[in-house]
Every structure is written in structure tokens, then in C-alpha cells.
Amino acid sequence: MKKKKRVCHISTVHSLFDPRIFYKELRSLHKAGYDVYYIVTFERKEIIGGIKIIPLPTLPNRFFRILFKPMIALIKAIKINAEVYHFHDPELIIVGLILKIVGKKVIYDVHEDYSNFIKEKYYIKLSIIRELLSITFDIFEKFASRFYDFVIVATEHIKSKFRNISQDKTIIIQNFPILSIIKKYKAKKEKVYESNKNNFILIITGLLDEKRGIKECINAVYIANKKIGKEIFSLWLVGKWGSKKFEHECNNLDGWKYVRYLGYLKVQNVYDYLVEANVGLCTFYPTGNNKFSQPTKIYEYISIGLPVIISNFDYWKKMFTNYGIFVDPLDSNDIADKIIYLYSNYDNIKNKIKKMKKEFVWESEENKLLFTYRKLFKGKI
């Protein structure tokens, strides 16, 4: 029997069931016939869906995680003795370089514009320190990336940050929804959903933190109900809270009585609620990284046929013009007005929304991922 090619993904930051890593990249590689390992924070060794989980310990704070976790991950990675290592966090850049030195093939998967992200780390009090750290990291990241076999990036914007290395080595693999899930739930939605004038449901999925406009949306639902004099609008939240403090702040808003918190759900379970909703919300604050992001949630909303209310960034207007309405994410009144407008014109707007482009699905990105791995193995798996 032919021995499978062994590949190993590493993350010290992301969760075991991170949608991009686990449900898309790892499952696609396993399905294609690779022997797949995943080094990630977890409590035990386990095989899940054929993917071999190698656990990392939970460390008490950010300092210990950044200082010690990459080295623990490196030791475990070397023991696995894979032929390809694919890492997902900037704190693993040195680990990637060490693996290259010992003769391994290495892929750096860049989920965010990290140098810009550092500027928004407000726990670093002095802006000049954040700026210097951002510049230093940017230089280091670009330098290190020259030595990796491939750099995979999540968006066109991130790719533009890597102009210093060969463009043949930089591959855009976007975080689109999985077609098989879309087909299953879209059919279900068409059967179970008719516009319900007495319960108009808005939904937000993903991380629930301040810069994602959660408070403004809760306030907007409260304002919208008050403006029309009926309690028609409700907001469903799906995901993890950014902090206990922020969760508590949201719980104490007047609009919280119209919120249904559904917790953190696996990818396929999120769609159980998307099919029941009327509108998807994504009102990120206008910070540097957000303005050029391509949130998976927007693609999930439109894939299932939901109109969207999203932030009025120029980049998003270009990307999502045909799928919904744009708002000032900092203005709850504007969001409320757009909710009422969508409610009043729902059937007309829903019918006008263009179908999501066929290439906006994971299967198109999966082909690029597998092609990249075949190039590493020179056409053999």
C-alpha cells in the first residue's frame, strides 16, 4: 500500500474547530489523500474525521503563550516528521524558519494584515510604541517570507503587502462558504421561509466584540422597534464574546430584551439559524484592518439568500454592492432606519438581490490549495 504524504498544520492562537483551518483546509487535504496532523490548543490527542489532533497546553496569559507555546509546538512538529508544515499565526514565523533550516517544506498562511493589526492593540498604551512594533514586524514578516515555499493569503489586500517576494509564491485562498452546506440549507430555506411580518429576525455570527459593532446593532433594534411602535425586530447573536466585560455591557443595554444569544456553534449548526433569519448584519468599525477585510459571515449570509446590512466602507461597496444596504457602523439610528427600510421593502429587495457568484464558494479555493500542495510534492501525493 502506498504511503500517504504527511502534512502538519500548526496554530497556537486559533481554536481546534476554526472554520478556515479545520473545516476547509484540513478536511480538503484529508479528502485528497494526505496524512493530516493539526497541532493546536486542546486537552488531548484525538483523531477527528481522520485528522490527527496533537494537543498544545492552555497557558495562563498572552506573555506565556507568545514566549513558550511556539517552542512547544516546534518540538511536537519535529516529532511528527511531516514533509510539509503549514502554520497560521505570526508568532510562529520563527518556527517556520527553523523548520526550513532542517529541510522541511513550509507554508505561511496569513489570515490578517498583522502589521496593521498591531496598531490597533490598545493594551499597548503608547501609540509610538505600537507604530514602531508595526514597522518592525512588517519588515521581519516580509524578510522571513522570502524563505518559505509558499505564502497563502486570505485576501487581495493582504497579497499586496507581499510584493517583495515572488508572486508565484503568493497564493490567494479566500475564506468562502462550503458549497455542499450551502446547497443543503438553501433548499431548506426555500421550503420553510416566507416573510413573517410579525417577527423580523436579524442575525450576527462570529466574534462578538466592540469593534464589530454589536452594541450599535443591539441599540438599533431597540430604536427600530420604538420608531414603528411594535416589537417586531429581534436580533440573534451566534459566536463567542470578546470578553466577559463586553458581554456584561451588552446584557445591560435596553435593547437586550430583543436579543437571543445562541452561543458558539459549529459551522453547519450556524446555518440552522441563518435559514430562519431575514437579514444578516456585519457592521464592523472603520478601523484599518476592518476596512479591507472580507468577512466570511457576509459570504455566508448572501450564500443562503439573506439581504445584508453592512458597514459603508469603500472596499465593501465595491465587493458587495448587489447584496444589500450600507450603513454608518457607528450610528445606531442609521442602522435602525435601514432595518425599517428593509422590513418595509423586504420582498422587493430580496428579489432584486443577485445570486452569489459561483466562484464565491470554498470548492473553488480548495482547488487552489490542492494545486499548491501538488506543486510542493511535484505532482505526487
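In the predicted model, an open sheet of 6 strands is arranged in the order β11-β10-β9-β12-β13-β14 with parallel pairing; two strands are taken to pair if DSSP finds at least two bridges between them. Helices (H or I, at least four residues) and strands (E, at least two) are DSSP runs numbered from the N terminus. The edges of this sheet are formed by β11 (259-261) and β14 (324-327), each with a single partner strand, so one side of each is left without a neighbour in the sheet. From one strand to the next, the twist averages 25 degrees; axes are lines fitted to C-alpha atoms, for helices over the stretch in contact, and angles run from 0 to 180 degrees between N-to-C directions. Strand β10 (residues 233-238) and β11 run parallel and are joined by 3 bridges. Within β11, Tyr 261 stands opposite Leu 237.

Residues are numbered from 1 along each chain as its sequence is written. Because the model is predicted, local features need pLDDT of at least 70 and side-chain atom pairs count only at pLDDT 80 or more, whereas totals for chains, interfaces and linings use all residues, and side-chain values use heavy atoms, with hydrogens and water left out.

Helix α13 (residues 332-344) lies across β9, β10, β12 (279-282), β13 (308-311) and β14, and runs at about 165 degrees to β14.

Helix α13 also packs with α8, at an angle of about 55 degrees and with the axes 8 Å apart. That angle makes α8 oblique to α13, given that angles under 35 degrees count as roughly parallel, over 145 as roughly antiparallel, 65 to 115 as roughly perpendicular and the rest as oblique. The crossing of the pair α8 and α13 is right-handed; a crossing is left-handed if the near helix is turned anticlockwise from the far one by less than a right angle, and right-handed if clockwise. On the α8 side, the residues in contact are Glu 216, Asn 219, Ala 220, Val 221, Ile 223, Ala 224, Lys 227 and Ile 228, and these meet Ser 332, Asn 333, Ile 335, Ala 336, Asp 337, Ile 339 and Ile 340 of α13. By class, this contact of α8 with α13 comprises 9 nonpolar, 3 polar and 3 charged residues, where Ala, Val, Leu, Ile, Met, Phe, Trp, Tyr, Cys and Pro count as nonpolar, Asp, Glu, Lys and Arg as charged, and the others, Gly among them, as polar.

A further partner of helix α8 (residues 214-228) is helix α9 (residues 244-251), packed at an angle of about 10 degrees with the axes 10 Å apart. The helices α8 and α9 are therefore roughly parallel to each other. Ile 214, Lys 215 and Ile 218 of α8 make this contact with Phe 246, Glu 249 and Cys 250 of α9. The residues of the α8 and α9 contact divide into 4 nonpolar, no polar and 2 charged.

The pairing of β3 with strand β4 (residues 51-56) is antiparallel over 3 bridges, and the bridge partner of Glu 46 in β4 is Ile 53.

The α2 and α3 crossing is right-handed. Pro 70, Met 71, Leu 74 and Ile 78 of α2 meet Val 95, Ile 98 and Leu 99 of α3. The contact of α2 with α3 divides into 7 nonpolar, no polar and no charged residues.

Over the whole chain, the secondary structure comes to 15 helices and 14 strands. The radius of gyration is 22 Å, close to the 21 Å that the globule rule gives for 381 residues, so the chain is as compact as a globular protein of that length; the radius is taken over C-alpha atoms, and the rule is 2.2 Å times the number of residues to the power 0.38. Along the principal axes, the C-alpha atoms fill a box of roughly 70 × 55 × 40 Å.

Definitions and conventions: Contact = heavy atoms within 4.5 Å.
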